[in-house]
Amino acid sequence: MTRYIIQRLIYMVITMFLIATLTFFLMKFLPGTPLSAADKLSDEQQAVVLEKYGLNDPVPVQYFNYMVNLAQGDLGISFQFDNREVTTIIMERIGPSVQLGFQAMIIGTIIGMLLGLVSAIYHNGIMDYTSTFLAVLGQSIPSFVFAGLLQFYIGVKFGWLPVALWEGWEYTILPTISLAIFPIAIAARFMRTEMLEVMGSDYIVTARAKGVNKVGVVFKHGLRNALIPLITVLGPLAVGLMTGTLVIENIFAVPGIGEQFVKAINMNDFPIIMGTTLLIAFLFIFIILVIDLLYGVIDPRIRLAEGE
Amino acid sequence: MKKTNWLLLVLALVLSMFLAACSGGSDDTSNSTDDADSEETTETEDTSGEEGEASGEQVLNITDSAEIPTMDASLATDAVAFQWLGSTTDGLYRLGENAQPEPGIAKDHEVSEDGLTWTFNLREDAVWSNGDPVTANDFVYAWQRAVNPDTGSEYGPYMMGGVIKNAQAVVDGDVPVEELGVTADGDYTLVVELEKPVPYFESLTTFGTFLPLNQAFVEEHGDQYALEADTLLSNGPFVLTEWNHGEGWTLEKNQDYWDAENVQLETINVKVVKETSTAVNLYDTGEIDRTGLSAEFVDQYRTSDEFKVEEEPVLFYLKMNQENEVLGNVNARKAIQMVIDRQSMVDVILNNGSIPSVGHVPQNFTKHPETEEDFRELNGDLIETNVEQAKELWATAKEELGMDTVELGYLGGDSEVAMNMDAYIKDQLEQLEGLTVNVQSVPFKERLQRDENMEYDIQNSGWGPDYIDPNTFLNMFVTDGGNNKTGYSSEEYDGLIEKANTELAQEPVERFETFLEAEKILIQDDAVLAPLYQRAVAQLWKPYVKGVITQPMGPDYTYKYAYIEGK
């Protein structure tokens, strides 16, 4: 087991290195310079500033310098927020995004799984149709439409919750709900499909034949087996949500990292683009590792196969 | 909680009526108490002038569209940074009412006969928020820092190069930074030597890049200077007391400000809100006191008393690349100028109070030094929309070029509004027979790069002023000017701009008239640009916010004299 994890960690470092390299060169294809007043400055004036930030060097030299700094854990300083360290900016902005993403995932998974279970248990009943309908709706309507409606009705019309801004826990409720819609839909659909499949399999039929009641079968035997495909999807989705979403953050004026990332790309703020990409990549790889380990916990057959 | 807010609002409104009636002043919200009011108004106007009475909590709640990129005056380049630098720091002068410079750290100044040496007398009662006095050396240090290549400033070289003696040489590394033409004569006299007479230098000194810096403080904090609320200093009306990056910031009145008695606001709370609909919702629930409106909201609020349109001196126009065979023909360019219906464009597509542009100097920007007439009014409409004449000019151009059909690329922005507008303009241009316009919508940086390399035929472009003088718009199009990039080159035009900035630099009237003439050549005779519109922003302001001054350059708003009345 330990050997397996160490092996995976080594792969992780290699993957990160490849991602960093690819991103670095792709980034250099972005048009223009990071200068914010490039529309006003003459070529010579621009050159003086670019020189200061080492952007006049040949790209391979820049790449080498960046990788050397990266290896020492230095992500550099931002161009758009002069002199502010990339690490500081990411730390400031990741908090709200992680909080919202986490809350949305918890709510989304619980509600989604319940809906899926209900659908599976009352297959082809009215409950099934209702929850399937809701799931399709949740998956197909863009989250900003929900967000806009929630903001207007709950925030402005009824005044139950704050319209937007980021000043306390009650400010997280509406954005959390808006973000949770998608995981709810995904979780419900997967849960339903998997549960239906599992419930039709031989060992469930055997369990039922032995006299275990329906609820017992569902929770003890069905749920566990249906979880495997679910966490495969939900893991990466969680990373996606926790690293911020431009639209929801803008609508609720949340100081998160999603908006920051998009802006950095528009402004050619190379160090921020690199820093954020690496962070997201790391989280993805990490969560995939966690999921692989979880498979073993949930399903002993996978543990055995890997133990060879 | 929301219910109480509502009650408070209603209470506040009722109260404000009484207060308005009591204090008189020049507000128009209290039209229900006509009789008693009008009498008092006339009385109070004589005694207190326009100044209203501040009442209630002096807190202003507003939003800004982005996080402050930097609070370091040498590095600032954008509107958000200049706004909050301007609110916390006084330069030599600051822009007051009607964009007139008023004393800041400088009490007054003398200009030498040749216009090359400006001597500023500084007030001795100005202090930084750490207690240090504001001295002439703070300006010397700040300006040297701004042009020092090690600082990496973008606006330092841009604003000071060619203006302050040796600035360009320092930027190029030819002379040491100490050679910059700015020296302290004692603690309270600042002597500035210029490269050439600069008639608008006084308005330049209000600009963010020219703000003073406390050398000891800046050097003590090094790389960390101005990154957080506690690593920056203020000498202006407000102090930045809290700065939550990305979320918002708080300014409090600076009790040690030399002019503190004229500052009434106690607190300004600023939140970062990017989405217009969100800001409108926050405004409607009373969380904020001002919101911008995008086109889709304008119709909904147009009739509200709180609706205001603020005109900005920012121009948008089509640049035409004269290296293109067709666009090198002046008749073709004139046809393009004439065929576009600007009125419908601003009414339907922008719908925010923007006005059709008819020259290359905005209206309400500069006035004739003697007659006080507006530049735009004096030069009038240099172009008009006339489709018939445009078609004739186009036919002539095609004949001259020996072409039947013409295909032109069109470079535009990638925002929704920009794409709508470009589609409209394409449609207008294609009224010219045989013309096909291929619109390409690209991100801002991409457009800049293509502009730089002149890889475009027609380009939708814009320009905002850096100082209050026609020169900031007109000197763009001198031969090989850094922002020309149209291939336009006219000896006559170059001569006029050159003359205005050298021999006429000290003759305000003739200089102004030279600019009038130059604009006619640029737009009317040579048709270098096809003017589109002058930008305005539509906003909602709560009626209890008074005394905010809108500025044409630098900080968008001056909050120094703002106050809350009868909230």
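Me: What makes Gln534(B) one of the residues that Glu312(B) touches?

Reply: Contact means heavy atoms within 4.5 Å. Leaving out residues up to four places away in sequence, Glu312(B) touches Gln534(B), Arg535(B), Ala536(B) and Val537(B). A word on the setting: this is a predicted model, in which local features need pLDDT of at least 70 and side-chain atom pairs count only at pLDDT 80 or more, while totals for chains, interfaces and linings use all residues. Residues are numbered from 1 along each chain as its sequence is written, chains are lettered from A and ligands numbered from 1 in the order in which they are written, and side-chain values use heavy atoms, with hydrogens and water left out.

Me: How do you know whether Ser461(B) is buried or exposed?

Reply: The relative accessible area of Ser461(B) is 8%, and therefore Ser461(B) is buried. Ser461(B) sits in strand S16 (residues 458-463) of chain B. Apart from neighbours within four places in sequence, the contacts of Ser461(B) include Leu315(B), Phe316(B) and Tyr317(B).

Me: What makes the phi of Asp480(B) and that of Ala527(B) worth a mention?

Reply: Asp480(B) has phi near 60 degrees, a positive value in a residue other than glycine. For Ala527(B), phi is near 45 degrees, again a positive value in a residue other than glycine. Asp480(B) lies in the loop between helix H17 (471-474) and helix H18 (491-501) of chain B, whereas Ala527(B) is in the loop between helix H19 (508-525) and strand S17 (529-541) of chain B.

Me: And why is each of them called buried or exposed?

Reply: Asp480(B) has a relative accessible area of 73%, so Asp480(B) is exposed. Ala527(B) is at 0% relative accessibility and therefore counts as buried.

Me: Over in chain A, what are the angle and the axis distance between H4(A) and H11(A), and why are these helices called oblique?

Reply: Helix H4 (residues 86-121) and helix H11 (residues 257-266) of chain A pack at about 135 degrees, with their axes 8 Å apart. Axes are lines fitted to C-alpha atoms, for helices over the stretch in contact, and angles run from 0 to 180 degrees between N-to-C directions. Angles under 35 degrees count as roughly parallel, over 145 as roughly antiparallel, 65 to 115 as roughly perpendicular and the rest as oblique. H4(A) and H11(A) are therefore oblique to each other. Among the residues making this contact are Ile89(A) and Ile90(A) of H4(A), and Ile257(A) and Gly258(A) of H11(A).

Me: Why does Val247(A) count as partly exposed?

Reply: Val247(A) has 35% relative accessibility, so Val247(A) counts as partly exposed. Val247(A) is part of helix H10 of chain A.

Me: How many helices and strands does chain A have?

Reply: Chain A has 13 helices and zero strands. Of its 308 residues, 47% are buried.

How values were computed. Helices (H or I, at least four residues) and strands (E, at least two) are DSSP runs, numbered from the N terminus. Buried means under 20% relative accessible area, exposed over 50%, partly exposed in between (1.4 Å probe, protein chains only).
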